[in-house]
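Me: I would like to go through the ligand site of this model with you. Could you display it first?

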Amino acid sequence: MQTDSRIYVAGHNGLVGSTICRRLSSEGYQNLIVRDHSQLDLCNEIAVNDFFAETKPEYVFLAAAVVGGIHANDTRPVEFLRDNLLIQTNIIEAAYQTGVKKLAFLGSTCIYPRDCPQPIKEEYLLTGPLEETNQWYAIAKIAGIKLCQAYRKQHGFNAISMMPTNLYGPGDNFDLQSSHVLPALIRKFHEGKVNHSKQVEVWGSGKPFREFLYVEDMAEACCYLMENYNDESIINIGTGQDVSIKALAELIKDIIGYEGNIVFDSSKPDGTPKKVTDVTKIKASGWQSTTSLQAGLEKTYAWYLKNAPKALA
Ligand code: GFB
């Protein structure tokens, strides 16, 4: 990419897309193309084709998707499957048709089999059954990976697929019904502290393990891979380290300074028991994460305090 290349970031209002935009700007890229949902409906094939014909991007980061935590995935299967299939299919086809030089597709580690060996190597894709709570999202993302590989095989289109692990950071979704665990716990412990609540509820048993990557590290990796990775096979983006939900809750509780008790609500699903990526491949390609969970949590909580004043009431 040149600093004046036309770069389209699909999903620029989301956690991933907004952080990629900030990263690109900080690296000197001046010609970013973005569209709000009100300006461009990515599920509409004709609108997407017209947009690409008009703006002629040279590089595309495909970070637009319907996303959410375990509850959102489990209760809105149509959006997670249908909308994601449409969004990625429309963008990949239009990018190919209008001569985009390279497209980077963002997937998720929930594409891997629920009970696959840990840490998860890229080659474990499609070797076993998926986790039920997020199978809709996983199937859409697997289709996106295959679509990238198909366009490469049939048309020589340079489309790569990157699989970030669970992400968090400034700009995250803190809505308790649709968010992921980490922003949900920041909000719950913060509100518990402000309201002097005796207890804070954590979903599930607290026993599952998750790997968390600070979103600014992810954006750095995405830009690095756009410049340096040109293979058809998928590549994990993670830290290679995981933590139990119970330990995560205790860490967030300490950072926020909440003094009450943690209670586990076993009526809520646990989801995948363990999910940690093998990061050998991305390390060998020259990138590794640098932000510790503690440091990333502190930065995210600081952002939350500044940007969610309503929650302080
Ligand atoms: O982050 P999360 O919603 O999604 O939940 P997944 C991770 C774990 O944290 C689960 C527990 O065991 C939850 O039960 N948890 C505890 C909570 N308290 C809470 C809470 O207050 N809110 C939430 N949301 N969880 C998602 C997939 O799976 O991960 C997506 O559904 C995507 O498709 C994403 O792949 C990265 O890690 O289980």
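Me: Where does a polar side-chain atom of Asn166 lie relative to the ligand?
Reply: That atom of Asn166 lies 2.9 Å from an oxygen atom of the ligand, a polar contact being a pair of N or O atoms within 3.5 Å. The model is predicted, with local features requiring pLDDT of at least 70 and side-chain atom pairs pLDDT 80 or more, while totals for chains, interfaces and linings use all residues. Residues are numbered from 1 along each chain as its sequence is written, and side-chain values use heavy atoms, without hydrogens and water.

Me: And what does Arg210 do there?
Reply: An N or O atom in the Arg210 side chain is 2.7 Å from an oxygen atom of the ligand.

Me: How much of the ligand does the protein bury?
Reply: The protein buries 97% of the 710 Å² that the ligand exposes when taken alone (Shrake-Rupley method, 1.4 Å probe).

Me: How many residues surround the ligand?
Reply: There are 22, and Lys188 and Asp270 are among the closest; a residue counts if one of its heavy atoms lies within 4 Å.

Me: Which element gives the largest share of that shell?
Reply: α6 does, with 3 residues; helices are DSSP runs (H or I, at least four residues), numbered from the N terminus.

Me: Changing topic, how do α6 and α10 pack?
Reply: Their axes are 11 Å apart, at an angle of about 60 degrees; axes are lines fitted to C-alpha atoms over the stretch in contact, and angles run from 0 to 180 degrees between N-to-C directions. α6 and α10 are therefore oblique to each other, as angles under 35 degrees count as roughly parallel, over 145 as roughly antiparallel, 65 to 115 as roughly perpendicular and the rest as oblique.

Conventions: Polar contact = N/O pair within 3.5 Å; in protein donor to acceptor, adjacent residues only side chain to side chain. Helix = DSSP H or I, 4+ residues; strand = E, 2+ residues; numbered from the N terminus.
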